[in-house]
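Subject: Structure for your review

Dear colleague,

I am handing over the structure below, and after it you will find an account of what turned up. Please read the two together.

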Amino acid sequence: MTTIIDGKEIADRIRADVSDCAAHLADEGVTPGLATVLMSDDGASETYVSMKQRACEETGIEGIHRVLDPEASAETLLRQIDDFNDDPRVHGILVQMPVPDHVDSQAVLERVDPMKDVDGFHPENVGRLVTGNTRYKPCTPHGIQKLLEAADIETEGKDAVVVGRSDIVGKPMANLLVQKAPRGNATTTVCHSRTDDLAEKTRTADIVIAAAGVPEMITGDMLSEGCTVIDVGVNRVDAETEKGYELVGDVAFESASEKADVITPVPGGVGPMTIAMLMYNTVKAASLQSG
Ligand code: GUN
């Protein structure tokens with residue numbers, strides 16, 4: 001029997017704990033605040049940010065949302081970040097990625113006060129993660145660690161293959177997996193679009209984490225019997241639905257679940273965890289800044 005991990009249920013449990021912490025902080029006069037900035041008219045980005053704002057409301061976090069014209073200057077975005085850096089109501093700042101091409105994304109990430117960088121994307125926080133002195137774990141990889149923990153999947157000594165090398169998921173995920181820490185201590189391989197024989201790598205893996213953004217690229221024949229498969233993909237593919245598209249993961253769920261012992265669905269797997277861990281980091285940020 002294949003176990004399908006219910007990310008929604010696990011995320012709800014984490015969000016309940018986060019709500020308790022937020023209420024505790026509020027009793028002490030500190031309402032955690034998360035500022036989000038959207039500088040894009042991409043529908044998926046709009047949806048993600050509105051889900052993050054709704055999660056704030058539901059968790060007792062003050063959500064402050066700014067939408068900037070995608071044509072606005074980089075300076076406008078940097079000034080908005082400066083305002084949030086200086087605003088004591090704001091403990092966490094999230095600039096939804098990607099930003100438009102005319103904006104230097106690295107300059108944006110570096111402008112966020114590292115103490116308010118609840119994404120964990122600032123070079124200072126990336127450095128801390130790599131050296132095992134973590135402040136804020138990036139939300140999606142952290143959420144995956146929580147899913148593995150909830151499903152009782154041990155990583156120590158296991159072969160893990162991460163497919164995808166993005167700064168948001170692939171690289172931080174690999175860093176967490178090799179750390180000397182719970183849900184770390186794995187022998188980790190990072191594969192990407194230039195990997196010669198991907199199937200050869202994934203077939204040796206006890207744990208496959210698919211985060212390449214390519215619909216259904218990981219199929220059952222690429223997996224070993226009894227493995228764990230975590231699907232980070234959220235791809236919109238054309239379909240005759242009301243919205244004109246459907247969401248498809250990076251994993252071909254049906255064939256993969258014939259091989260895997262444990263698998264995450266799309267939607268309802270990793271997605272809800274990303275938001276839960278963002279709320280977690282925001283409350284942590286409020287606690288660090290008020291303590
Ligand atoms: N775009 C896709 N995922 C993320 C994320 O976790 N944080 C931000 N800021 N942008 C994203």
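**The ligand shell and the domains**

The shell around the ligand draws at least three residues from each of domain 1 (30-113) and domain 2 (139-271), where the domain bounds come from an automatic or database domain assignment. Please bear in mind that this is a predicted model, in which local features need pLDDT of at least 70 and side-chain atom pairs count only at pLDDT 80 or more, whereas totals for chains, interfaces and linings use all residues. Residues are numbered from 1 along each chain as its sequence is written.

The centres of domain 1 and domain 2, taken over C-alpha atoms, are separated by 27 Å. Around the ligand lie Leu 94, Val 95, Gln 96, Met 97, Asp 119, Cys 139, Thr 140, Ile 168 and Thr 274, a residue being near a molecule if its C-beta atom, placed from the backbone, lies within 6 Å of it. Two or more residues of this shell come from each of β4 (92-95) and α6 (139-150); helices (H or I, at least four residues) and strands (E, at least two) are DSSP runs, numbered from the N terminus.

**Annotated positions**

UniProt, in an unreviewed entry, places the feature "domain: Tetrahydrofolate dehydrogenase/cyclohydrolase catalytic" at residues 5-119; UniProt positions are given in the numbering used here, feature names are shortened, and annotations may be inferred rather than shown by experiment. Over residues 5-119 the chain is 50% helix and 14% strand, with its end C-alpha atoms 24 Å apart.

The feature "binding site", also from an unreviewed UniProt entry, is placed at Gly 164, Arg 165, Ser 166 and Val 234. Arg 165 sits in the loop between β5 (159-163) and α7 (170-178) and is partly exposed, because 18 other C-beta atoms lie within 10 Å; the scheme is that 20 or more such atoms within 10 Å make a residue buried, 12 or fewer exposed, and anything in between partly exposed, with C-beta atoms placed from the backbone. Not counting residues up to four places away in sequence, Arg 165 touches Gly 170, Lys 171, Val 190 and His 192, contact meaning that the C-beta atoms, placed from the backbone, lie within 7 Å. Val 234, in the loop between β8 (228-231) and β9 (235-238), counts as buried because it has 20 C-beta neighbours inside 10 Å. Leaving aside neighbours within four places in sequence, Val 234 is in contact with Leu 247, Val 266 and Gly 271.

**Backbone points to check**

Most residues other than glycine have a negative phi, and most peptide bonds are trans. The peptide bond from Met 97 to Pro 98 is cis, with omega near 5°, and Pro 98 has its place in the loop between β4 and α4 (105-111). A cis bond also joins Val 266 to Pro 267, with omega near -5°.

Asp 152, although not a glycine, has a positive phi of about 60°; this residue belongs to the loop between α6 and β5 and is exposed, because 8 other C-beta atoms lie within 10 Å. Asn 185, again not a glycine, has a positive phi of about 60° and is found in the loop between α7 and β6 (187-191).

Kind regards

Methods. Contact = placed C-beta atoms within 7 Å.
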